[in-house]
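Work through the exercises below with the sequence and the model side by side. Try each task before reading its solution.

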Amino acid sequence: MTENESVYSIFQSLASDDILNLLQGIAGIPQEGEDPNKSKIILSFLKKNFGFFRRALPSQAFSNENIKSIIFCESISPIEASGKIVGLCLDDSNEVEFALKQFSLLPNFEKYLVMIPRLTTLCQEAIDRSGLKVHVLEYHLEIIPLEKYCFVVPSPKCFMRCFVQDDINDVYTIASSLLKLTLLTGKPDKIYAAGNVSCRVLALLEQLKNQVGSNFGRKDKEFSQLYIIDRSADLLTPLASQFYYGGMLDEAYNVDYGYLNLPSNISLEDTPDQREVLLSDQKDEFFANLRCEDYLNALEQAELVRQEIIGLKQNMDNTSGTLQYSVYARRAKYLVDTKQYLYMHYSLLEDLATIRKPMKDMINFEYSSLLQDIEDIDIVNRLINRRQYWHAIRLFCFASVATRGLSKQTIADFQRRLISKFGFDVVQDLINLEKAGFLTPSLSIMDHFMKSNKPKFNNINTVLKILYKDPPTTPDIEKGYDNYVPILHRLVQAGVNGQWEGETQVSKLMGQMDIPVKVSSLSGNNLNNTLPSDSSLNNLNKATENNSKINKGTEKILVFVIGGVTSTEVQLFRKMGKILFNGKYDFHVGSTSITHGVDLVKSICPFIQSKT
């Protein structure tokens with residue numbers, strides 16, 4: 001494995017071979033004397049999946065000799081010509097229905113549908129209902145690397161399915177992907193699951209592992225621990241405004257699997273006609289350094305590199321004819337070759353300042369919600385009146401989750417406002433928000449006694465130390481969300497410190513939050529009795545520091561979040577290993593999607609999305 005490759009690169013290599021063989025098989029070999037273009041195929045997929053397929057499939061798949069052209073399903077129009085068309089579809093019956101509806105416009109074409117990662121019952125039913133003669137193939141693409149430390153599995157609708165519709169199809173996809181990962185990278189010593197869906201994934205993972213057998217796979221291991229966690233364990237963080245540069249770009253420009261469409265006022269100096277860039281650590285050194293910094297630090301770093309470019313010319317003049325000159329010259333050449341990306345980020349930072357300025361009131365509202373100090377929700381009403389519906393819904397849901405429930409009257413007024421704007425058909429979206437846990441009415445005094453002992457935010461904060469009113473006295477990871485440390489990260493931090501098991505404050509808190517925990521060892525070693533059972537948790541950071549002093553070396557830990565993870569959360573896990581564990585742990589992150597607040601709300605509000 002080279003320096004630029006990751007542990008997940010093998011999956012991309014396998015995917016490359018598989019898709020090329022699949023396309024070759026469909027195209028076939030032209031008969032002697034036959035026009036070779038006749039056997040070539042048209043490749044098609046939905047426009048919204050373009051970013052996904054470009055990250056998932058090798059570039060050869062799009063420039064393959066067997067492909068005649070590539071078109072979006074939305075662009076298919078009726079023609080009488082003949083040929084072969086291949087549609088790539090994710091496991092989504094709605095996508096399948098739409099693709100086949102478009103395919104029906106090509107009556108003389110031989111039709112192929114490639115299901116990723118597999119054909120499920122609902123998709124098969126959609127195919128049967130279409131009445132079309134279509135060849136159905138499965139393409140088992142299960143892990144898509146985004147960075148050397150981050151990947152996704154092909155379940156972009158997982159949050160809606162798992163936490164709203166109780167659809168278990170993605171449970172199999174996730175378990176199968178993690179099984180392949182553990183077989184190819186080695187079995188972790190322990191696997192922790194937190195949340196109902198995660199526990200189901202772990203149970204299925206154990207069953208699949210038993211079917212494969214214990215002698216298959218690597219004996220050594222890439223990851224010492226694997227954490228599988230439901231997004232529902234921390235609904236607050238993805239709804240919050242992100243303060244790291246990478247997260248701000250996601251929110252402002254709706255970055256799609258790393259692809260950013262440049263705003264009209266920004267262009268690349270050397271290639272001004274290029275309107276799209278891939279934001280990736282391996283493609284852009286400047287982005288790799290800036291993405292995990294807050295706005296001011298990112299701006300400062302960009303300015304330092306810009307000043308370095310100016311200073312290098314003077315250094316080269318001063319060291320002409322010396323060995324040192326070549327060092328400056330190499331660095332200068334690299335910066336000159338890549339400076340268009342530096343200037344692009346500098347321009348994006350300036351653009352973000354303009355975009356974020358009107359968000360000041362929203363950010364203040366979020367912080368007041370965390371402090372449990374909401375006097376009114378006028379800001380939500382103002383956003384609705386300005387037709388900024390998604391920010392209005394996101395903020396209202398944030399307040400509901402942060403305060404552990406708004407008054408029933410407040411929720412009813414909010415629902416009435418949306419019904420008056422969109423009509424009665426919006427009710428299903430509102431039901432989805434409730435099922436997902438985003439809209440929760442506060443409990444009456446009687447309800448507190450009769451129904452629930454769910455902890456309030458202040459109780460969670462007391463145990464996990466997630467909110468800072470003043471700057472921390474010791475280094476922490478609060479800058480990604482401006483003085484707030486995600487619940488998700490504190491839970492994993494506690495898990496690494498052995499505080500998910502036994503009678504600890506964290507294990508009790510997780511029970512009160514209705515987060516079931518399951519622990520397993522795929523390698524067959526029972527380590528339950530070797531974990532510390534600290535009955536008090538006064539300072540998570542102190543426990544982490546002690547853990548780091550006892551152990552030496554660096555271990556990799558994989559955290560897989562079911563239902564989506566934000567760009568800032570990914571970077572905070574990277575920071576957590578360095579800052580809170582003194583470099584002992586190197587955290588990798590997997591998920592079903594890279595998301596943010598508005599994106600997550602949109603995923604469960606299809607009717608509103610169709611009207612905006």
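The exercises go from the whole chain to its sheets and then to its cores.

This is a predicted model: local features need pLDDT of at least 70, side-chain atom pairs count only at pLDDT 80 or more, and totals for chains, interfaces and linings use all residues. Residues are numbered from 1 along each chain as its sequence is written, and side-chain values use heavy atoms, with hydrogens and water left out.

**Exercise 1. Describe the protein chain as a whole.**

Step 1. Take the secondary structure: 26 helices and 16 strands. Helices (H or I, at least four residues) and strands (E, at least two) are DSSP runs, numbered from the N terminus.

Step 2. Check burial. Of the 612 residues, 53% count as buried. Buried means under 20% relative accessible area, exposed over 50%, and partly exposed in between (1.4 Å probe, protein chains only).

Step 3. Look at contacts (heavy atoms within 4.5 Å). Among those between residues at least 6 apart in sequence, 79% join residues at least 24 apart.

**Exercise 2. Work out the order of the open sheet of 5 strands, and find its edges.**

Step 1. The order is S2-S1-S3-S4-S5, with parallel pairing. Two strands pair if DSSP finds at least two bridges between them.

Step 2. S2 (67-72) and S5 (135-138) are the edge strands, each with a single partner, so one side of each has no neighbour in the sheet.

Step 3. Neighbouring strands are turned by 25° against each other on average, direction ignored. Axes are lines fitted to C-alpha atoms, for helices over the stretch in contact, and angles run from 0 to 180 degrees between N-to-C directions.

**Exercise 3. Work out the order of the open sheet of 7 strands.**

Step 1. The order is S6-S7-S15-S13-S9-S8-S12, with mixed pairing.

Step 2. S6 (144-147) and S12 (517-520) are the edge strands, each pairing on one side only.

Step 3. S13 (residues 555-562) and S15 (residues 585-591) are parallel, over 7 bridges. There, Leu-558 has His-588 as its bridge partner.

**Exercise 4. Locate the nonpolar cores.**

Step 1. A nonpolar core is a set of buried Ala, Val, Leu, Ile, Met, Phe, Trp, Tyr and Cys residues joined through side-chain atoms within 4.5 Å. The largest has 150 residues; Leu-433, Phe-438, Trp-500 and Phe-587 touch the most other members.

Step 2. Helix H16 (residues 389-402) gives the most to this core, with 11 residues.

Step 3. Apart from this core lies another, of 28 residues, among them Leu-260, Ile-266, Ala-298 and Leu-335.
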